[in-house]
Amino acid sequence: MKTIGKIALGIIAAIGGFLDIGDLVFNTQAGATFRFDLLWAVVLGTIGIAVYAEMCGRVAAVSGRPVFDVIRMRLGFSTGLVALVASTFVNLLTVGAELGGLALILELLFDTTYSMFVILAFFLLIVIVAGLPFGGLERLFGYGGLLLFVFVATAIHQEPDWTAVGNGFIPSIKWDPTYLYFVVGVFSAALMPYEVHFYSSGAIEERWTKRNLKENRLNAMFGYGIGGILACALIVVSGQLFHPLGVDPTDLGTVALPAQDAFGETGLLLALGGMLFAIGGATIDSSFAGAYNVAQFLGWEWGRYRGPRKAPRFTIAWLLFLALGVVLAESGINPVDITEYSVVFSVVALPFTYLPLILIARDRTFMGEHANGRLASVLGWGYFAVIIVLAIAAIPLLLATNGGGG
Amino acid sequence: MPLPRARLLTGAATALVAAALATGCGDLSRGELQRGVQSLSALAAQGRLLADGVARDRTKKTYARVMSRTLGAAAQHEAEKLADATPASDAQRERDRAVDLAGELSELYGRLQTFAGDEHVGREVGAGMRRVQAKADALDESLGARP
């Protein structure tokens, strides 16, 4: 029972981080456009984030150093600063997109102006973070996000052609720019770096040691595995309902339509509720990840457990991230568009943080007996190669397809 | 050599302004028009699902209302974009039909937004959305048939 409770850290990172506005948008659009053909890209991304998170959690537990501490140590100040700037830019876009997404969901539930809900969401998140301990935040958003299982129930209810669904898990490449753009999008949405930065810092917040390594592995497998199942369900329900009708889901509210189609108002409310918790959790994760990165890189006192008095610059940085997210969400740009940019740019920035981590994780002088074994090395470097290819292809594909619009 | 440089700059600026103005007027090719028509078909398809939810009393009123407002605005925007553009000479008639369809779509969404809890209106709007989608698909096909 205690072990199950401890897996909560992985679950919040998975539901509130893995399944964020980026996953909701990209997977639904991928299903509507290519039916089940991109399910394999979700699996690829899910294994990728599990590998990355396991390494980050292991390094944090063994050395007590989170990601950006390691980056500065390994890359030095100047090169490390490039990684920090790139990550901070992507984090800001993500916070803006998530806050905007939160406001859109609240608008769908209560029909009051979007702008007002952005401000309300900002203050609500501050109150929740101020009032709840780290574990409480995990439980609130992680378990609330489980409402998204309504999409798994919807997929079963729709009775799709399961052979066709199964075929979607077989990797296939089509030399169609839109298809390739969605491969990048679905993979990157699964492997958003802020999720792992939050996870690694969370491990230190929870004072992990070598004794937590088993828990770390379970979190990475089960937490992100659950996120992967939900992401697959989004593709299946969208491929089953939207693809034959020719729906192009460009609005966040459309994501909930399949649940309504299957289970009526109850399904709709479960879907919107799940999205609210998942996006709310992701807003907290991404804003915290931004503050963690800056504080760790610059050597400030940091940590939710220290409180605002003992870590004032960290607390100000977190509030600043949220406030800049409000500015972005209120800028008039559709949160779905901000999401697409944040997802695509995240894979471009990813090698800067992934490489130093894998170098540290394999370093026996630093990690001792807990350095990468053969499997972790093969997976780690294999994913590094995939990330490099996608990072190079991402921006040309974004431009060539007009953001997937063709 | 200040004068030639100034002329060069003026020339470049004029060309840029001309290009911007030309873009603003919108030279609408058949391909671009076809993409616009496909967007209308997609919007009508979403409208069908939304209206079906209202017709069967299987949705939440605020959700149906906000979605109708958002998608109706998208249809209106598409209508304005198509109306402002200058179509290729062989696409004038199709452009006008597309603008009419976008207007029809916008009206249907407007009705659904106003009567988001009315099952009868939901049924009527659902049927209207199906008609608009069928017309948009036919128009899409005719645009694709001719190079």
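This is a predicted model: local features need pLDDT of at least 70, side-chain atom pairs count only at pLDDT 80 or more; totals for chains, interfaces and linings use all residues.
Me: What makes α11(A) roughly perpendicular to α13(A)?

Reply: Helix α11 of chain A, residues 193–205, packs against helix α13 of chain A, residues 257–298, at an angle of about 70°, with the two axes 8 Å apart. Angles from 65 to 115 degrees count as roughly perpendicular, and therefore α11(A) is described as roughly perpendicular to α13(A). The crossing of these two helices, α11(A) and α13(A), is left-handed.

Me: Which residues make the contact between α11(A) and α13(A)?

Reply: From α11(A) come Y194(A), E195(A), H197(A), F198(A) and S201(A), while α13(A) brings D285(A), S286(A), F288(A), A289(A), Y292(A) and N293(A). Sorted by class, the contact of α11(A) with α13(A) has 5 nonpolar, 4 polar and 2 charged residues.

Me: Why are α10(A) and α18(A) called oblique to each other?

Reply: The axes of helix α10 of chain A, residues 177–190, and helix α18 of chain A, residues 374–400, come within 9 Å and cross at roughly 125°. Roughly perpendicular ends at 115 degrees and roughly antiparallel applies over 145, so α10(A) and α18(A) are oblique to each other. The crossing in which α10(A) passes α18(A) is left-handed.

Me: What residues meet where α10(A) packs on α18(A), and how do they divide by class?

Reply: On α10(A) they are P177(A), L180(A), Y181(A), V184(A), F187(A) and S188(A), and they meet L390(A), A393(A), A394(A), L397(A), L398(A) and A400(A) on α18(A). By class, this contact of α10(A) with α18(A) has 11 nonpolar residues, 1 polar residue and no charged ones.

Me: Which helices of chain B supply at least two residues each to the side that touches chain A?

Reply: The contact takes 16 residues from chain B and 19 residues from chain A, and on the chain B side α2 (30–55) and α3 (61–84) each supply at least two residues. The most is given by α2(B), with 7 residues. By class, the side of chain B that touches chain A has 6 nonpolar, 7 polar and 3 charged residues.

Me: What makes α5(A) and α3(B) oblique rather than roughly perpendicular?

Reply: Helix α5 of chain A, residues 67–110, and α3(B) pack at an angle of about 120°, with their axes 6 Å apart. Roughly perpendicular covers 65 to 115 degrees, and roughly antiparallel is kept for angles over 145, so α5(A) and α3(B) are oblique to each other. The contact is made by E107(A), L108(A), L109(A) and F110(A) of α5(A) together with T62(B), Y63(B) and V66(B) of α3(B), and these residues divide into 5 nonpolar, 1 polar and 1 charged.

Me: Where in chain B is the pLDDT below 50?

Reply: Chain B averages a pLDDT of 84, and 81% of its residues score at least 70. Over residues 1–10 of chain B, however, the pLDDT is below 50, and beyond near neighbours in sequence this stretch has 0 contacts in the model. Over residues 12–26 of chain B the pLDDT is also below 50, and that stretch has 5 contacts beyond near neighbours in sequence. The model scores ipTM 0.88 and pTM 0.90.

Note on methods
Residues are numbered from 1 along each chain as its sequence is written. Chains are lettered from A and ligands numbered from 1 in the order in which they are written. Two residues are in contact if their C-beta atoms, placed from the backbone, lie within 7 Å. Helices (H or I, at least four residues) and strands (E, at least two) are DSSP runs, numbered from the N terminus. Ala, Val, Leu, Ile, Met, Phe, Trp, Tyr, Cys and Pro count as nonpolar, Asp, Glu, Lys and Arg as charged, and the others, Gly among them, as polar. Axes are lines fitted to C-alpha atoms, for helices over the stretch in contact, and angles run from 0 to 180 degrees between N-to-C directions. Angles under 35 degrees count as roughly parallel, over 145 as roughly antiparallel, 65 to 115 as roughly perpendicular and the rest as oblique. A crossing is left-handed if the near helix is turned anticlockwise from the far one by less than a right angle, and right-handed if clockwise. pLDDT is the predictor's confidence in each residue, from 0 to 100.
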